[in-house]
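Me: I would like to go through this structure with you. Could we take it piece by piece?

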Amino acid sequence: MRNRLLGAFAGMLAAFTASVASAAPLEIQFWHPSLGPLDDALKQQVASFNDSQTAYKIVSSGRGTYDETFNAAIAGFRANKHPHLLVVIGQGTQSMLLSGSVYPVQDLLTAEGHKVDWNGYLQPVLNYYRTKEGKLLSLPFSVSTPILWYNKDAFAKAGLTRAPVTLDELGEYAGKLRAAGYECGYTSGWQQWVHVDNYSVIHDLPIATKYNGLDGLDATFVYNKTAVVKNMARLQSWAADGRYVYSGRQGSSATPAFTSGRCAMMTHSSAVFSSLQAGAKFAFGAAPLPYEAGATPRNSLIGGGSLWVLKGHKPEEYKGVAAFLAHLSSPDQQAKWHKDTGYVPLTTAAYEKVKAEGYYEKNPQQEVAIKQIQRGTPTLNTMTVRLGNANQYVAALEEEMEAVWANKKTAQEAMDDAVRRGNEILRRFERQRGN
Amino acid sequence: MIKRVNFAKHKPLAFLLLAPQMLILTMFVFWPAAQALVQAFMVSDPFGVRSTFVWFDNFKEILSSPEYFNSIYRTAIFSTGTTVSAVFFGLLFAVLVDRVARGKTAYKLLVIWPYAVAPVVAGVLWLFLFHPLYGAIAFMLKQGFNVAWNPLLDGGDAMLLVIVAASWKQVSYNFVFFLAALQGIPRSLIEAAAIDGAGPVRRFVSIVLPLISPTTFFLLVINIVYAFFDTFGIIHALTQGGPGGATDILVYKVYADGFLGLDLGLSSAQSVILMIVVIGLTVVQFRYLERRVKYAD
């Protein structure tokens, strides 16, 4: 009896020492929004890192929408239980900087001895997340840019052989598609991103002063004094005769309008590729966003989430965070991520790799966005939009755009009101920051 | 004839029995409400790193914006519409089910069902059914009745849609209470009236309605509070306050500024105003409407 007890005790002791010797991997918390159909690709990314080494374990956790994830992180900050890694939407960059807990990605990778060739990255992608001095704050993650999607079957029916290039052509095409029996010629997801932000960037026009806020929090909106107003007025006239049909705010309502075959053309994020593949029962093509006749188009503006590293954790854990980020940036991972999700690859090496595989010959739609963001030379107007309280000023702008589509206001009146309300929201942000 | 219960002899026991409930209320109601009151006088960043005390600046900012007054007007329409239609249809269904002879349980189950659907799921369902481009019901309206339905651009359509969606769920709740109240009316009273020659309408107006008035009053209060406080999920899923602010009700603004815009000061100031409005409304209801209510004695 006594011997058996002793034996059991010895066994327990042995098990305990064994578990200490082969120390459990350090856990690294990674909070991200749920990406819907793209969640599997994310799980595979994390699993490939966890399987590649034994020292660290990335624990990923989906926290709902981008807004919900950010709210969870705020609660985490307040309770001092924030994760190591957090995905935040690009528009939230200015808000993230308020937290005082940002560990710039470029500083982290340098400190942990990773030699990164930043020139091997697609510059317009990095620019969006850089400081004015060029330091990278967060690692781009779920990055896309809007492009034009069109229904090839509908084009054949209307006798159209190529995608429209200019905006006036877009309107002409929409009219022809309507004549061919499509009740909606053209619709758009993320109307504000497409028709205010990207319209301005492609035509090298300022959205706000101080290089769209990059140069200081006291920036003010100016798009009511640029060609954006003309663009709105044109869309208003299309809305009146059904060439343009408004399908709702944000992105989710435009996609079914296109896949159901009601709308023959749609401007939307390049990352809806997999949704269109799953939902559309017709052949579809992609083309760059149409621009003004006679203009030399610049790069388009990207959007989407990036990975932030947060301060306040143990030094040895940051080694793992850096290793994970380096793993994500490898050409193999980037190429797979790009093909799985439709998000833009970060490095030229990944882009060349996918190209060499002959992938774009089969899926030409996937290359449109990459070419579009690399078009022309970036200027300080086309780098980024770095303004605070983005959710609020975007909501105000979308409200005013609805007033234009409903013919309640002229394009000029609506843009004036949107700029007035937007500027109040920006001043509010300055006060929140303590200025 | 209000009967009061007197605990004077057992004060310690009374407080002891109240304590658990008071503790829960303090943690989940009074403490957050006090926090909101404090925040309403502050401007702070979302992380709580910097907070500045600004006296009444938040209130001034809200009360000087034309959008806020639009929001008050929309709230009045929305809460009246939601409360009236939810109470009316709840009562209508309860009366019908109360009279039905066969399959009562099946009807009851069907009417109560919507209450089990989560508000956001309900909102998304409504959106898909009524979307002007691909919604099944919108399509039927267009084809069958030639109604150009467009809640995305027409403020009136959008308001109608959110009222229907918000009251749809509440009808089930009201139905349960009304049905219980109807079943509590003594049969003898109704039979006596019938013998005296009163028709169904007369019996309903003169006997049933006064007898269920305590329930009606209770439901009115509950439904108004629901319309004021509990409907931001539906608005968020359906219209996000649009088009052009047509369904931007007060509680949605509180939600949007606080949880999407992350401006706690502005959001708290609005919720304090909202709290005052609802307290005021409830006081008015209890002082004036309750006088007409007949409680059994």
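Predicted model: local features only at pLDDT ≥ 70, side-chain atom pairs only at ≥ 80, totals over all residues.

Me: What length does α19(A) have, end to end?
Reply: The end C-alpha atoms of α19(A) are 22 Å apart. That agrees with expectation, because 16 residues at 1.5 Å a residue should span 22 Å.

Me: Is that helix, α19(A), mostly covered or mostly uncovered?
Reply: α19(A) is mostly covered, with 16 of its 16 residues buried.

Me: What about the largest nonpolar core, how many residues has it and which have the most contacts inside it?
Reply: The largest nonpolar core has 148 residues, and V125(A), C263(A), M265(A) and V162(B) have the most contacts inside it. Helix α19 of chain A, residues 390–405, gives the most to this core, namely 10 residues. Domain 1 and domain 2 of chain A each contribute at least three residues to this core.

Me: Which residues does V162(B) touch?
Reply: Leaving aside residues up to four places away in sequence, V162(B) touches F78(B), I234(B), I235(B), L238(B), T239(B) and T247(B). There is also a second, separate core of 15 residues, which includes L91(B), V111(B), F175(B) and L219(B).

Me: Changing topic: how many helices and strands are there in chain A?
Reply: Chain A has 20 helices and nine strands. Of its 435 residues, 48% count as buried.

Me: How many residues does the contact take from chain B and from chain A?
Reply: The contact takes 26 residues from chain B and 36 residues from chain A. On the side of chain B that touches chain A, β1 (42–44) and α12 (250–260) of chain B each supply at least two residues. The largest share of that side, four residues, comes from α12(B). The residues on that side of chain B divide into 13 nonpolar, nine polar and four charged.

Me: Which residues does the cis peptide bond in chain B join?
Reply: The cis peptide bond joins G242(B) and P243(B), with omega about -10°. P243(B) lies in the loop between α11 (232–238) and α12 of chain B.

Me: Back to phi: what is the phi of K210(A)?
Reply: K210(A) has a positive phi of about 55°, although it is not a glycine. K210(A) is found in helix α10 of chain A, residues 209–212. Y211(A), whose place is also in helix α10 of chain A, has a positive phi of about 50° and is not a glycine either.

Me: Why does K210(A) count as partly exposed?
Reply: K210(A) counts as partly exposed because it has 17 C-beta neighbours inside 10 Å. Y211(A) is buried, because 20 other C-beta atoms lie within 10 Å.

Conventions
Residues numbered from 1 in each chain as written. Chains lettered and ligands numbered in written order. Buried ≥ 20, exposed ≤ 12 C-beta atoms within 10 Å, placed from the backbone. Core = buried A, V, L, I, M, F, W, Y, C linked by C-beta atoms within 7 Å. Domains from an automatic or database assignment. Contact = placed C-beta atoms within 7 Å. Nonpolar A, V, L, I, M, F, W, Y, C, P; charged D, E, K, R; others polar. Expected span 1.5 Å × (residues − 1).
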